[in-house]
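Thanks for making time this morning. Please have the sequence and the model open while I talk.

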Amino acid sequence: MKLSPSAQKVQEALHRRGFDHLQVQELSASTRTAQEAASAVGCAVGQIVKSLIFRGATSTKPYLLLVSGANRVDLPRLEAYLGEQLEKPDAEYVRRVTGFAIGGVPPIGHTQPLEALFDPDLLDYERIYAAAGTPFALFGLSPQELLQLTGGRVLALK
Ligand code: 5CA
């Protein structure tokens, strides 16, 4: 099946990184939210990776938070750790730094390199599923593979 252009971008990013064994899947059901994605795959919501973009208020740099779909980020705690406030950017900023629209932001293949922070709860699963560029696309992988692909720093986020 031919992938849509945004999903194809993610498949190509996997290819460039030597992860050709990972396959982007386009589904007929929505994967726009973690809950919808879990229903579409038939997995626990905790196995869905939310790829969330925040902006450092001081550094102005974007952060990529890779969070289990079951968790909410404890922002004050994360801000204390990072030593700066975090702002929730608007949709246009998310598109600019990632190259993708909200609802399909993948953990890899961004316009620019993003500092990634990785929710340790994702390590509890053998297989997790991340967005692949559109609100109908996902790819499955192991948490260790996601760590390798993103260079994420494992940090309690909830
Ligand atoms: N495809 C699904 C499962 S992987 C997905 O992308 N879920 S998500 O949680 O990673 O992405 C949606 C997230 O985008 C929301 O949790 C929220 O943090 C963020 N978001 C939603 N609307 C906006 C908005 N208007 N501006 C900035 N961020 C937004």
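I will start with the ligand and its surroundings, and then turn to a few single residues.

What you see is a predicted model, in which local features need pLDDT of at least 70 and side-chain atom pairs count only at pLDDT 80 or more, while totals for chains, interfaces and linings use all residues. Residues are numbered from 1 along each chain as its sequence is written, and side-chain values use heavy atoms, with hydrogens and water left out.

Let me begin with the ligand. It is surrounded by 15 residues, the closest being Thr31, Arg32, Ser51, Pro89 and Gly103; a residue is near a molecule if one of its heavy atoms lies within 4 Å of it. Strand E2, residues 48–56, gives the largest share of this shell, with five residues; helices (H or I, at least four residues) and strands (E, at least two) are DSSP runs, numbered from the N terminus. Sorted by class, the shell holds eight nonpolar, four polar and three charged residues, where Ala, Val, Leu, Ile, Met, Phe, Trp, Tyr, Cys and Pro count as nonpolar, Asp, Glu, Lys and Arg as charged, and the others, Gly among them, as polar.

Which backbone atoms lie 2.5 Å, 3.1 Å and 2.9 Å from atoms of the ligand? A backbone N or O atom of Thr31 is 2.5 Å from a nitrogen atom of the ligand, a backbone N or O atom of Ser51 is 3.1 Å from a ligand oxygen atom, and a polar backbone atom of Gly103 is 2.9 Å from a nitrogen atom of the ligand. Taken alone, the ligand exposes 610 Å², and the protein buries 72% of that, with accessible areas coming from the Shrake-Rupley method with a 1.4 Å probe and, for residues, only the protein chains shown counting as cover.

Ile102 is found in the loop between H4 and E5, and its C-alpha atom is separated by 8.4 Å from that of Arg32, although the two are 70 residues apart along the chain. Ile102 counts as exposed because its relative accessible area is 55%; buried means under 20%, exposed over 50%, and partly exposed in between, with a 1.4 Å probe and protein chains only. Lys50, which is found in strand E2, is 54 residues from Gly104 in sequence and 9.6 Å from it in space, C-alpha to C-alpha, and at 23% relative accessibility Lys50 counts as partly exposed.

His110 lies in the loop between helix H4 (91–98) and strand E5 (115–118). Is His110 buried or exposed? At 17% relative accessibility, His110 counts as buried, and a polar atom of its side chain lies 2.6 Å from the backbone oxygen of Pro106.

Leu122 sits in the loop between E5 and strand E6 (128–131) and is buried, at 0% relative accessibility.

Finally, Thr60 belongs to the loop between E2 and strand E3 (62–68), where its phi is near 60°, a positive value in a residue other than glycine. Thr60 is exposed, with a relative accessible area of 52%.

Technical notes
Polar contact = N/O pair within 3.5 Å; in protein donor to acceptor, adjacent residues only side chain to side chain.
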